[in-house]
Amino acid sequence: MTSFRLRTYLIVYCTIIPLLLTAAIISLYSSRFKDYAIDNLIAYGEVITRNTAFSVADDLITENYAPLQEFLQDIVFRNDEVDAIQISDSQGMILAASDVKLLGSVMETEPVGKYITRGEGEYVCIDYDQAQLIITAPIVVGKIELGKTRVFLSMRASLSHLHAIQRNGVIIGLCCWLFAVAIGYFLARYLTAPLQRYMTAADSISRGEFNVQIPESRWVLELDRFGHTLKAMASAIASREQKLQDSEKKFRQLFERAIEGIFVADGKGQLLDVNPAFLQILSAASRGILLDQNLFANIFENEEALAHFKEEIAKNGFVKDYELTLIRSDSSPVIVSLTCHMVKGDDGSIMKYEGLIRDISVQKSAEKEIVRMRNYLNNIIESMPSMLVTLDADSIVTQWNSAACRLTGISSRDAIGRKIYEIVPIFSKYSQQVDTIKYQHRPLTLYREKMTEDAEHLYNVTFFPLIANGVNGVALRLDDITELDLKEQQLRQAQKMESVGTLAGGLAHDFNNVLAAILGNLSLLKYKIHSPLGLSVSEIQEYLERMETAGSRAVDMVRQLLTLSRRHQMDLVPVDLNLSVKHVRKIGENTFDKSVQVDIHLAECPAYVLADITEMEQVLLNLCINSIHAMTIMREEGFWGGTLTIAIDKVVVDQLFQKRHPEAMGCAYWKVSVSDTGVGMDTKTAAKIFDPFFTTKEQGKGTGLGLAMVYNIIRQEHGFIDVYSEPGQGSTFNVYLPLLEREGVEPASARDTLLAISRGDGLVLVVDDDDIVRKMAEDILQAVGYTVLTASNGKEGVEMYRQYNTSIKGVLLDMAMPVMSGREAFMEMKQINSEVKVLLASGFRQDERVEEILGLGVKTFLQKPYTISSLALTMKQVIES
Amino acid sequence: MDTMFCRSAGILGMLLVIFVFIVPMPCPAQGTLNANIIKFGIFPYKSPKTIIEMYGPIATHLEKKLGKKIKISSTLDANSFLEKARDGEYDLLLLPALPYYKLRPSGYRVIAQGTPSFYGGAIVRMDSEIMSVEQLKGKKVAAIGDFAYAGYYFLLSQLEAKGVNPQKEVEFQFLGKVDTIIYGVINKKYDAGLLRLDALDLHDFIRIREQVRIITRSPEIPQFPFVVKNSMDKSTITAIQETLSALAPDKPEALEILKSMQVKKIVVATDADYDPFFEQIKDTDYFGTP
């Protein structure tokens, strides 16, 4: 394309533009003027036409044409623009016209020219040949067209004026053009000279001469600004050049100091540049050695690895974190992670390879170690005897060990990824605990859980919060404690027997007192019966009451001992701690050392907790025995004594309490404090006292099981225990048990029953091997109205029953007898009469044999020793049942 | 001076041209142009434009039904109309009963009439002291014209009956138009006004009607008769009668035509239908002999 000088462009643009502009203005103005003139003329003509139509209507209706003709002549005469005017009737006959020659002729229907419709029958015709504007309009009254009015207007004046405008416009346009040529020429000369100087300066800058002198052009603002811009540009380029050099230096340093090995190779793999790290990874002595080498020829481990690499990079043009083994200069292998880009040219050929390598030998070694460790941990988990299951936030199984497989029969493949409640529905009962653990992040253990009601195995179920990868999950462990529980029960029993042993000395002393009272009074009775003074009824009454009181005490003592020593399953029922404390106090009345003063502070209201009554009393008794020992046998003789305080208080859980006792889960607890003023202990000792077999007592005086058992029992009853002690000051054990809200319930320890003597009649059979007891029972039953048969053993009893079964209303049957036991005798009697009514009597209610016989159909049980009231009432109930 | 002279000469020339060409020229509108045109002359009791507005629709309707051009024509005054009618210029006429009474001997006959009949009456302002006809004595009374029975003549006999000489003791002013009379009375230019009373029911006068009181009314006056030349052929007459009587008010188009003419229906009629009215007025001196 041909280039022209700037001044040529300036002159051409300066002249053509005014010329075109002038022509456009003249053309536009002429057109607008013509339209304006014609519009004005039309408006003028329309006024005349409408006025005429309006004025002539009456004359047309009344056919009064003479004034009409005169009226038209007058209009033409008075208006220069009006050449002629015509009025026709509705048939087109001209009734009046400025040109009288036209009267009676028919009005031309379509005049020659351009038509413009104006609406309502009115139209305008422009006849340029005649320079006339013809307006035709109907004369309408109402909806009746009476005729037409046609007005001929002259356009000569307007057209003449238009021609003058166009002529003058052309002259002005030519003048403007000439002026523009002159202006363009001088302007071009003025502008191109400084531009030439700027071009010279720009050439210098392009050669790197940034200090070149920039010419100034003060009179043209744009050129002046251009000069300044050129100067700023030169400065900016110089600055950028410097920054580029700095940047190159910086990146060169990065290149040199990078830990990763960086390399650039040409399209054939010939190394062009490498950094020191690259040399170090490949153990190359110098850069020169490597630069002589080919990336693909000498470094790859083997041909197969090279082929694989080329295949991978050819796919996408790059590889990222591509692991491979390279061969060092000393021929040793090194595992690296390679990231490499293939740079291609426009023709698709490979221009070069750019990449970096990272030595990951250590990382690979660590990964192997992690895998090994993971396998190791998995093996531990798998080899655990306990079922271990981990759940994610949605209770979906994420870990399922071998024990879980064994226990549930579900393989880990089937379990992992499914909700635990779907695969082991029985776990649904723990859903609430699982959800709680997820949010509270506190472990929870449920003791002695049975998976089903009739299951034989017991489990401790422990829930651990499991937070991994930001997900709140739960780990669930099931420990089969069936065997452990059995051993614990045995251990507990042993410990109870130890307690009984501890108490035995006191009990024996007390029992001797009772026997002394009974035997003493009996000997007194015997003596007085045979004395000459005789024996009054009131004296007999008094002696008998003393013996009865002593006997009752003996009964209580035996009952307590039996209760304490019996074996049983834990049975959680509402227990009033006040009654338990009272009961323990009663046990201790004669067994605790007399040097110890016992203070009891009970709660003002019933202190209900959910507990096993026997276990609870065992706990309290153990704590009391420990305290007594701390104030007696653990001191030297002569320093025995102190105060044992048992107090019950209600504790409401608040933030402070929660902080001190994180295991507190409920809102309120009953606290039983057992305090002594004994030897006390230091913190180190206090930390171990609940450990099994830990004792500070002398050998033979303690087994170290008492507090361990206390701890276990309290935990199983969802409580906890703490201890505060100072050496020489004494100790306080606080037992916290969740408060049970109950009203109007008779606590389990309220066993007292008011018995009344109930009389009866009919034949009853008494079977007991003990002559005294049998005789006493016979006497009591006869005394309250019955006829009594007696038998000294089971076999004899059965025979007697066989003989008189139709008459015998009830049988009092002893449990343990020679020849034939109570159980066998009952079974024989039942064969004789399936409806036999047997009242079983024994000194030990908790005996398993008693339970068995009761299960076979014996009506009820009577605890020995019985009284006239209890025997009479129970026998009556059995007979009437 | 020259210009003035030229302009005067121009005007003079123009007048000369008018005199030469127009005056001797036969009027193109005179007489029936051809047999396909029926010239419908309407008595000039209203302005020409109002006449066209009122009777244009019926003319258009007749054109459609008869297949002939109906050209409405009127005159500037009543005498001109009667003169032209006597000259036989109109084929079909609509005029008040009284002018027809005078025109009938010239060879015309009634073929239809509008219904219902109407009444003339004298109105005064509501606050006027004039309560009866005799109180008009010495008063200024606006009337339609000396051709109008409802708008003038009916009162003359009533005045005479009350002993008032209408020619001497009452000052009548002929205004020609109903609205001029009503507004003249309202604006106290006249003490009373004479007009067709059904004019007060027109929409324009609904509000004003409450400001005037009617002190007397004329006997029942039949509506304007449609009259034709006796020479008109029977088939055309029958066609006109059928067309007019077929205008039922329940048809929207017909209703518009009837409302425009201010009648409720048009029925076929004959001269006999107007004879009782003519009998009633023939004895008065005011109409002269037909």
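This is a predicted model: local features need pLDDT of at least 70, side-chain atom pairs count only at pLDDT 80 or more; totals for chains, interfaces and linings use all residues.
**Chain A as a whole**

Let's start with the big picture. Chain A has 25 helices and 28 strands. Out of its 881 residues, 27% count as buried.

**Two helix pairs that share α2(B)**

Now have a look at helix α2 of chain B, which covers residues 48-66. It turns up in both rows of this table.

| Helix pair | Angle | Distance between axes |
|---|---|---|
| α1(A) and α2(B) | about 70 degrees | 8 Å |
| α2(B) and α9(B) | about 140 degrees | 7 Å |

Take the pair that joins chain A to chain B. Helix α1 of chain A runs over residues 6-62. Is α1(A) roughly parallel or roughly perpendicular to α2(B)? Angles from 65 to 115 degrees count as roughly perpendicular, so with an angle of about 70 degrees these two helices are roughly perpendicular to each other. On the α1(A) side, the contact is made by A:A57, A:D58, A:I61 and A:T62, while α2(B) brings in B:P48, B:K49, B:I51 and B:I52. Sorted by class, that gives five nonpolar residues, one polar and two charged.

The other pair stays inside chain B. Here α2(B) packs with helix α9, residues 252-261. Their angle of about 140 degrees makes α2(B) oblique to α9(B). If you follow one past the other, you'll find a left-handed crossing. Which residues of α2(B) touch α9(B)? They are B:M54, B:Y55, B:P57, B:I58 and B:H61, and they meet B:E256, B:I257, B:S260 and B:M261 of α9(B). This contact has six nonpolar residues, two polar and one charged.

**A five-stranded sheet in chain A**

Back in chain A, there's an open sheet of five strands with mixed pairing. The edges are β18 (596-601) and β22 (720-726), and each of them pairs on one side only. On average, neighbouring strands are turned by 15 degrees against each other, direction ignored.

Zoom in on one pair of neighbours. Strands β21 (residues 668-675) and β23 (residues 730-738) of chain A run in the antiparallel sense and are joined over seven bridges. One residue to look for is A:K671, whose bridge partner in β23(A) is A:Y736.

Methods:
Residues are numbered from 1 along each chain as its sequence is written. Chains are lettered from A and ligands numbered from 1 in the order in which they are written. Axes are lines fitted to C-alpha atoms, for helices over the stretch in contact, and angles run from 0 to 180 degrees between N-to-C directions. Helices (H or I, at least four residues) and strands (E, at least two) are DSSP runs, numbered from the N terminus. Angles under 35 degrees count as roughly parallel, over 145 as roughly antiparallel, 65 to 115 as roughly perpendicular and the rest as oblique. Two residues are in contact if their C-beta atoms, placed from the backbone, lie within 7 Å. Ala, Val, Leu, Ile, Met, Phe, Trp, Tyr, Cys and Pro count as nonpolar, Asp, Glu, Lys and Arg as charged, and the others, Gly among them, as polar. Two strands pair if DSSP finds at least two bridges between them. A crossing is left-handed if the near helix is turned anticlockwise from the far one by less than a right angle, and right-handed if clockwise. A residue is buried if 20 or more other C-beta atoms lie within 10 Å of its own, exposed if 12 or fewer, and partly exposed in between; C-beta atoms are placed from the backbone.
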